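Good morning, everyone, and thank you for making time for this. I would like us to look at one structure together, slowly, and to say at each step what the words are taken to mean.

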Amino acid sequence: MQPPRWLQTFVRHVPVWLVYAGTAAWVAWLFGLALVGRLGVDPVATLIGWYGKGAMNLLIVGLTITPLRRFTGLSLLRFRRAVGLSAFFVLCAHLAVFALLDLQSLSRLGVEIAERPYITVGMLAFVLMIPLALTSTDRAIRKMGRNWQKLHRLTYAVILLGWVHYDWQVRGDVVEPAIYLSIIVVLLGLRLLPRQRGRVVAGQK
């Protein structure tokens, strides 16, 4: 299977900076809506929820890139770093709004991490993303060699922890968490399929 030529051409001409700009614009737009009271009766909680879900969506997009290339031939690899860093940026916004606007105290954040398990899990996912963000440079990739790929497999743990964090706090809604989990399991499961399938696809290009 091979993607249409027009699609490959289109993808090659899409600038990577659009990922960063689009993410920053989305974060700023939501924050602006919260400032003017357009996010419901509890704008801070709504903002935390949207930022958290946005980070998870970007992580899922990042996980989609490799199987998409392997099974369809459509390569979005040039966007993968931007998607990952954008996910980290949105996660930072999620944490900042929670600590500074919801708790209004960084010291209280430590108490919340210790006392509320779903926050502990979410913070663990955030901490695991820090080395991934710090090593997302060309220099780090060159210096780390194969270890870079091993380190960045932490993404799998991050997204699973992120899902647990999300599922733990959602009350009365089992459908959406189930949909997210199904997508994540499928994307992770595709990585376990024998490589021969990938070679066949590559040979068809």
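Leaving aside its neighbours within four places in sequence, which residues is His165 in contact with? Before I answer, please keep in mind that this is a predicted model, in which local features need pLDDT of at least 70 and side-chain atom pairs count only at pLDDT 80 or more, while totals for chains, interfaces and linings use all residues. Residues are numbered from 1 along each chain as its sequence is written, and side-chain values use heavy atoms, with hydrogens and water left out.

Now to the answer: once those sequence neighbours are set aside, His165 is in contact with His94, Tyr118, Ile119, Val121 and Gly122, where contact means heavy atoms within 4.5 Å. His165 has its place in helix H9, residues 154–169, and here a helix is a DSSP run of H or I with at least four residues, just as a strand is a run of E with at least two, both numbered from the N terminus. With a relative accessible area of 13%, His165 is buried; buried means under 20% relative accessible area, exposed means over 50%, and partly exposed lies in between, using a 1.4 Å probe and protein chains only.

Let me turn to helix H6, residues 117–134, whose axis comes within 5 Å of the axis of helix H5, residues 106–115, the two crossing at roughly 110°. The axes are lines fitted to C-alpha atoms, for helices over the stretch in contact, and the angles run from 0 to 180 degrees between N-to-C directions. H5 and H6 are therefore roughly perpendicular to each other, since angles of 65 to 115 degrees count as roughly perpendicular, those under 35 as roughly parallel, those over 145 as roughly antiparallel and the rest as oblique. On the H5 side the contact is made by Leu109, Glu112, Ile113 and Glu115, and on the H6 side by Pro117, Ile119, Thr120 and Met123.

Also in helix H6 is Ala125, which is buried, with a relative accessible area of 5%. Not counting residues up to four places away in sequence, Ala125 touches Val158, Leu161 and Gly162.

Next comes helix H4, where Leu95 has its place. With residues up to four places away in sequence not counted, Leu95 touches Leu109, Met123 and Phe126. The C-alpha atoms of Leu95 and Gly52 are separated by 8.5 Å, although these residues are 43 residues apart along the chain.

In the loop between helix H4 (80–103) and H5 we find Gln104, which counts as exposed at 64% relative accessibility. Most residues other than glycine have a negative phi, whereas phi of Gln104 is near 60°, a positive value in a residue other than glycine.

Is Pro177, in contrast, buried or exposed? Pro177, which lies in helix H10, residues 175–190, is buried, with a relative accessible area of 1%. Not counting residues up to four places away in sequence, Pro177 touches Trp163, Tyr166, Asp167 and Val170.

The volume of the largest cavity is about 50 Å³, a volume being the space filled by probe spheres set on the grid points, which are joined across faces, edges and corners. Its lining consists of Thr66, Pro67, Arg70, Phe71, Leu190, Arg191 and Arg195, and helix H3, residues 43–72, gives the most to that lining, with four residues.

Note on methods. 1 Å grid on protein atoms, 1.4 Å probe; cavity = no way out; pocket = protein on both sides within 12 Å on 5 of 7 lines; lining within 4 Å.
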